[in-house]
Every structure is written in C-alpha cells, then in structure tokens.
Amino acid sequence: MHDTVVLHVDATTSAPALVLRPWCPADVDALVEVGLDLVSRRRTSFDVESAADALQWVRAQEQGWAVGDRFGFAVLETQPGADRRQLVGHVILKEVAPGKPSAEVGYWTAAHARGRGVAPRALEALTGWAFNQLGADHLTRLELLHQVDNPASCRVAHKSRYAFDRVLPAAPPAFPLDGHLHSRRRDG
C-alpha cells in the first residue's frame, strides 16, 4: 500500500496543484529546513533540528505505513514546467485500527506556504482518501484537534468541513492548553 498511494489535488486559479505521497529519505533536507520554523515547533510535535532527526522522523512515518496505524503524507507543490516539487506541508491520518469507527487527522504547513490554502486542500484530499479507502473497515468519523490559541487551525477545520465539537481540557505536556475538537463524518 505504501508505494502506491499518491493523492493529487488540482490547481486552482490562485494555487498550484498539490501531490500527497508517503515520506521518503529524499525528503530529509527539506524537513531540516522546515524544522527551523519556531512556529511549527511550538504548535506541533514536529521537532526536527538535524538530518539525523529528519531521517528518524521519516523512518517513523514509514513504520506507521508498515504497521497500518498511521498514514503520513508529504504535501508537495507542483509548478507547471518545473522538474522539482517543493515541500509545503504534511498531513496524517493516525490512530487507525481495524473496526475502530474513528481516527484522527493532523497537519502542518511549511512557513513559506502558509496562508495559501495548502492545509485545507491537502486535508480534504486526505479525508476523501480515508473515507473511501478505509471506510469499508468501519471508519465513519475523523477528528481534528488543536490548541485554543491556534486560530489558523480553526480556520482550516472549518474550510475542510470539520465541525466544532467541543473544548477539551489541557493535557500536558503534549497539550499544555485547552483544545478544540472538530470532527467530520463520512456522510458529512
């Protein structure tokens, strides 16, 4: 399954096309560059400072695919006529288990790509894939969590049709502040 899953998001009048594919060791240098962004490090569990950290992170993503409980995608922007695709983000489907009706989605956007609609477009592609490919295993609900001090993630949730569900209490150290739980049902 790992080698064959590539998701495509069409270009819009204001944004280039996106390609979502599993992470690979060739992404290490781009991950180190993204890891320099303090906003990403503060708002996510993404903690990459070196090539060794990045390779370890990629291996963890590959392990998730191999086990079948975490499906992380590199989000790459494609430019017409360009040979190379630029890393602009990450989306993930996690806490997946056969017969379990819900799973969690997550994402981050590289600093240079924020504010351009990357996260909602990539999240919509991931959501469709999750419900279409894993829905037969009883997946009916996806959940998106973020801290209350992250209004950008709230906007991504709403743009991607993840309805606000409730406020969750802080759970340090992973969630030091209260959080928002958003969800989307397969038929929603």
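This is a short chat about a predicted model of a protein chain.

Q: What are we looking at, and how are residues numbered?
A: It is a predicted model, in which local features need pLDDT of at least 70 and side-chain atom pairs count only at pLDDT 80 or more, while totals for chains, interfaces and linings use all residues. Residues are numbered from 1 along each chain as its sequence is written, and side-chain values use heavy atoms, with hydrogens and water left out.

Q: How many helices and strands does the protein chain have?
A: The protein chain has five helices and eight strands, where helices (H or I, at least four residues) and strands (E, at least two) are DSSP runs numbered from the N terminus.

Q: And how much of the chain is buried?
A: Of its 188 residues, 46% count as buried, and buried means under 20% relative accessible area, with exposed over 50% and partly exposed in between (1.4 Å probe, protein chains only).

Q: What about α4, is it mostly covered or mostly uncovered?
A: Helix α4, which covers residues 118–134, is mostly covered, with 13 of its 17 residues buried.

Q: Switching topic, where does Gln147 sit, and what does Gln147 touch?
A: Gln147 lies in strand β6, residues 141–147, and counts as buried because its relative accessibility is 17%. Leaving out residues up to four places away in sequence, Gln147 touches Ala174, Phe175, Pro176, Leu177, Asp178 and Gly179, where contact means heavy atoms within 4.5 Å.

Q: And Val148, buried or partly exposed?
A: Val148 is in the loop between β6 and α5 (151–159), and it counts as partly exposed because its relative accessibility is 40%.

Definitions and conventions:
The expected span of a helix is 1.5 Å times one less than its number of residues.
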